[in-house]
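I opened this entry to note what I looked up, item by item. The structure comes before the notes.

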Amino acid sequence: AGVAAGVALVLIIIIIVAVSLNKKSKNNYNYYYQTGIKLYEEGNYGDASSYLSKASKENEGKKNLNLKYTLYRCYESSGNEDEAVNVLKDILSYDENYYKKEDVDNLTKLIRKYQDGKCSNAVKNYIVKEPSASKEPGSYDDDVELKFTCDSGCVVYYTTDGKEPDIKSTLYDGTAIKLETGTTKIKAVSVNSIGVYSKVVEFEYVVEYGAPAAPDVTPASGKYSDGEKIKINNIPDKCK
């Protein structure tokens with residue numbers, strides 16, 4: 001009887017430990033995260049957001065941007081815009097060293113999506129302002145030297161071949177760009193230290209040099225009885 005009781009007690013302890021371990025395994029970060037991702041891939045956004053939300057509160061989940069983006073998409077897909085915006089704010093609050101290229105591309109898309117809508121206040125501090133040009137677009141009959149300005153901490157990339165500018169395009173280095181004769185179409189974009197883009201702006205310039213004004217010659221044409229000194233006056237600037 002004593003042995004049987006001892007065996008029974010051991011079995012009870014084993015069962016309790018097993019249940020406890022099983023319960024613990026289902027209440028940790030990996031379980032929440034993997035289950036949430038699986039449900040998201042199956043299109044079950046409601047349940048997926050529940051698991052991913054729990055995973056995001058764990059220490060390992062607080063800095064997992066992939067988790068955050070997936071949770072954002074779950075809320076967005078299920079029509080829960082308020083929670084989607086809250087997750088977006090959380091993503092935007094990260095230190096810039098955490099962002100990778102794919103994260104920055106996602107951020108740019110999200111900021112563009114919300115910056116002109118009812119949730120613009122959520123992203124207004126992260127909107128990158130477009131670059132501005134030193135010359136207004138239009139027609140000119142003289143040399144045009146163009147400069148770009150942008151917000152502090154940003155740089156400007158531009159193209160003149162009609163392609164959309166990105167970080168592989170020409171980097172504006174602060175020196176004036178001399179425009180050639182004819183029509184020049186420039187597309188420019190500002191990029192901040194994280195890598196988030198502004199909207200692309202376009203400028204078009206037409207440079208056509210006009211004929212210079214004629215100089216004055218004195219004295220006037222005519223016949224003179226004595227020799228005269230001919231003077232050429234009012235020669236236009238940069239002309240001979």
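Which residues line the largest cavity? I found Ile-111, Arg-112, Gln-115, Tyr-126, Ile-127, Val-128, Glu-130, Val-196, Tyr-197, Ser-198 and Lys-199. A cavity is a set of points on a 1 Å grid over the protein atoms alone where a 1.4 Å probe fits but cannot get out, and lining residues have an atom within 4 Å of a point. I looked up the volume of the largest cavity, and it is about 40 Å³. The structure has one cavity of 30 Å³ or more. Grid points are joined across faces, edges and corners, and the volume is the space filled by probe spheres set on the points.

Entry on the source. I am reading a predicted model, in which local features need pLDDT of at least 70 and side-chain atom pairs count only at pLDDT 80 or more, while totals for chains, interfaces and linings use all residues. Residues are numbered from 1 along each chain as its sequence is written, and side-chain values use heavy atoms, with hydrogens and water left out.

Entry on the whole protein. I noted seven helices and 11 strands; these are DSSP runs numbered from the N terminus, helices being H or I of at least four residues and strands E of at least two. Of the 240 residues, 31% are buried (under 20% relative accessible area, with exposed over 50% and partly exposed in between, for a 1.4 Å probe and protein chains only).

Entry on Ser-169. This residue sits in the loop between β5 (155-159) and β6 (170-171). Is Ser-169 buried or exposed? Ser-169 counts as buried because its relative accessibility is 18%. Beyond its neighbours within four places in sequence, I found Ser-169 in contact (heavy atoms within 4.5 Å) with Tyr-157, Tyr-158, Thr-159 and Glu-164.

Entry on β10. Val-217 lies in strand β10 (residues 216-218), and Thr-218 is in strand β10 as well. Val-217 is partly exposed at 48% relative accessible area, and Thr-218 is partly exposed at 34%. Which residues does Thr-218 touch, not counting those up to four places away in sequence? I listed Lys-229, Ile-230, Lys-231 and Asn-233. The C-alpha atoms of Thr-218 and Lys-229 are 8.2 Å apart, with the two residues 11 apart along the chain.

Definitions and conventions:
On a 1 Å grid over the protein atoms alone, a cavity is a set of points where a 1.4 Å probe fits but cannot get out, and a pocket is an open set with protein on both sides within 12 Å along at least five of seven lines; lining residues have an atom within 4 Å of a point.
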